[in-house]
Amino acid sequence: MELHVIERTANAFQQGLTGRQIQEVAERAFGPGAEVRSATELGGGMYNTTYRIDLAGRAEPVVLRVAPEPARQFHSERELMRAEYASVPWLAPIADLMPHVLAADFTQSVIGRDWMIQSFLPGTPAPELLGSYPKETHTAFFRQMGQITAAVHAVAGPWFGPVTGPGHARWSEAVVASLHLIAEDVESCGLDAADLRKAADAAQAGTQVLDEVAVPRLLTGDLWTVNTMLAPAPVPTICGVLDMDRTWWGDPEADWTMRMARAKQDARTAFFDSYRHSEETENSVWRRHVYEVRHLGALRLERHRLGNEAGVKDSYRAVAEELAVLI
């Protein structure tokens, strides 16, 4: 087997597999006769470890995604791969853009970690190609992003909260629980989470405003440019959507995608040409401040994991600005 890996430090969050482990995974998925010709670790993602696998007798490559060891996972990010697997039937409106799941194993009996094998999507990662297009054509990309997001948000679910549960009958319960989980994770890293606890208290006090959201909608979790593939075309054209492992049920306005669509007044404003959102109210604006604290708490965890101390510090300033509105 040809094995091409990304060199990482011993204490890096993402940990690769040995050639033997990859072969064992292939045999579990495709039978004892499976033979891995080559395995190439792919960069780009910051959570799961991903490989392009070429198998003997199979014309198309496959993608192996391996979850972090259970002990390395934050409670607010627990079993994300299982959430993605459970989300597949709900993501039917964009199934033509997504890779197919070919095999999955959550027993952890092969390598001690969850893993999933998916079909290999054609195209080029958007971060590598989008910048090569003239700026005036970027609106086509964001318009399509709006269409994709709207299709996902149109799906109604059985409860609020994680797709795999625990489910909540009210949106306020899901939001408060999520903020407390993130705060616990922040504290487990030896960081102060008092500001996140205050935000959770504000959300608890504002249950009536949060519970105006009565229908749980499917949220993409973190869909943006990094999760898309582009086809060769005169204008940026999305041909694939990847890594939908942070889906959950809630208010569409709480989705990371909505935050990013509003982040700058540039070509991304075309997102709202195809995504028709409801008129803003005082209460909807207040809810967005709550959601922003949740995003900032999750970013604090990610920045800490990546050793970005300046980013962690900046998150406290940003949360303080949101709290000034909420409290």
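**Group meeting: rings, strands and a cavity**

I start with Asp-243: at 29% relative accessibility, Asp-243 counts as partly exposed. Here, buried means under 20% relative accessible area, exposed means over 50%, and partly exposed lies in between, with a 1.4 Å probe and protein chains only. Phi of Asp-243 is near 55°, a positive value in a residue other than glycine. Asp-243 sits in the loop between strand S11 (237-241) and strand S12 (248-250). Helices (H or I, at least four residues) and strands (E, at least two) are DSSP runs, numbered from the N terminus.

Ground rules next. This is a predicted model, where local features need pLDDT of at least 70 and side-chain atom pairs count only at pLDDT 80 or more, while totals for chains, interfaces and linings use all residues. Residues are numbered from 1 along each chain as its sequence is written, and side-chain values use heavy atoms, with hydrogens and water left out.

Another backbone case is Gln-108. Its phi is positive, about 60°, although Gln-108 is not a glycine. Gln-108 lies in the loop between S5 and S6. With a relative accessible area of 27%, Gln-108 is partly exposed.

Then the cis peptide. A cis peptide bond joins Gly-165 and Pro-166, with omega about 0°. Pro-166 is in the loop between strand S8 (161-162) and helix H5 (171-188).

Now the rings. Rings of Phe, Tyr and Trp (its six-membered ring) pair if their centres lie within 6.5 Å; planes under 30 degrees apart count as stacked, over 60 as edge-to-face, and the rest as tilted. How many aromatic pairs does this rule give? The count comes to 11. One of them is Tyr-85 with Phe-106, edge-to-face, at 5.5 Å centre to centre and 85° between the planes. This pair links distant parts of the chain. Tyr-85 is in helix H2 (residues 80-87), and Phe-106 is in the loop between strand S5 (101-105) and strand S6 (115-119), 21 residues apart. Tyr-85 is partly exposed, at 41% relative accessible area. Phe-106 is partly exposed too, at 24%.

Next, Phe-271 and Phe-272. Their ring centres are 5.0 Å apart and their planes are at 75°, so the pair is edge-to-face. Buried or exposed? Both Phe-271 and Phe-272 are buried. They also belong to a cluster: ring pairs link Phe-141, Phe-142, Trp-224, Phe-271, Phe-272 and Tyr-275.

Charges over rings. The criterion is NZ of Lys or CZ of Arg within 6 Å of the ring centre and within 35 degrees of the ring normal. Arg-294 lies over the face of Trp-248, at 4.0 Å from the ring centre. Arg-305 lies over the face of Phe-13, at 4.6 Å from the ring centre.

On to the strands. Two strands pair if DSSP finds at least two bridges between them. Strand S2 (residues 36-42) and S3 run antiparallel, joined by 6 bridges. Val-36 stands opposite Leu-55 in S3. S2 and S3 form a hairpin with 6 residues between them, and Gly-44 in the turn has a positive phi of about 105°. S3 also pairs with strand S4 (residues 62-66), antiparallel, over 5 bridges. There, Arg-52 has Val-63 in S4 as its bridge partner. S3 and S4 form a hairpin as well, with 6 residues between them. Gly-57 in that turn has a positive phi of about 80°. Why call S3 largely enclosed by the rest of the structure? Because 5 of the 7 residues of strand S3 (residues 49-55) are buried.

Last, the voids. We work on a 1 Å grid over the protein atoms alone. A cavity is a set of points where a 1.4 Å probe fits but cannot get out; a pocket is an open set with protein on both sides within 12 Å along at least five of seven lines. Lining residues have an atom within 4 Å of a point. Grid points are joined across faces, edges and corners, and a volume is the space filled by probe spheres set on the points.

A search of the whole structure finds 1 cavity of 30 Å³ or more. The largest cavity has a volume of about 40 Å³. Its lining includes Val-36, Ile-53 and Ile-117. Helix H1 (19-30) and S4 each supply at least two lining residues. H1 gives the most, with 4 residues. By class, this lining has 9 nonpolar, no polar and no charged residues. Ala, Val, Leu, Ile, Met, Phe, Trp, Tyr, Cys and Pro count as nonpolar, Asp, Glu, Lys and Arg as charged, and the others, Gly among them, as polar.

The second largest pocket has a volume of about 300 Å³. Of its 16 lining residues, the closest to the centre are Asp-251, Pro-252, Glu-253, Ser-278 and Arg-287. The lining of this pocket divides into 4 nonpolar, 4 polar and 8 charged.
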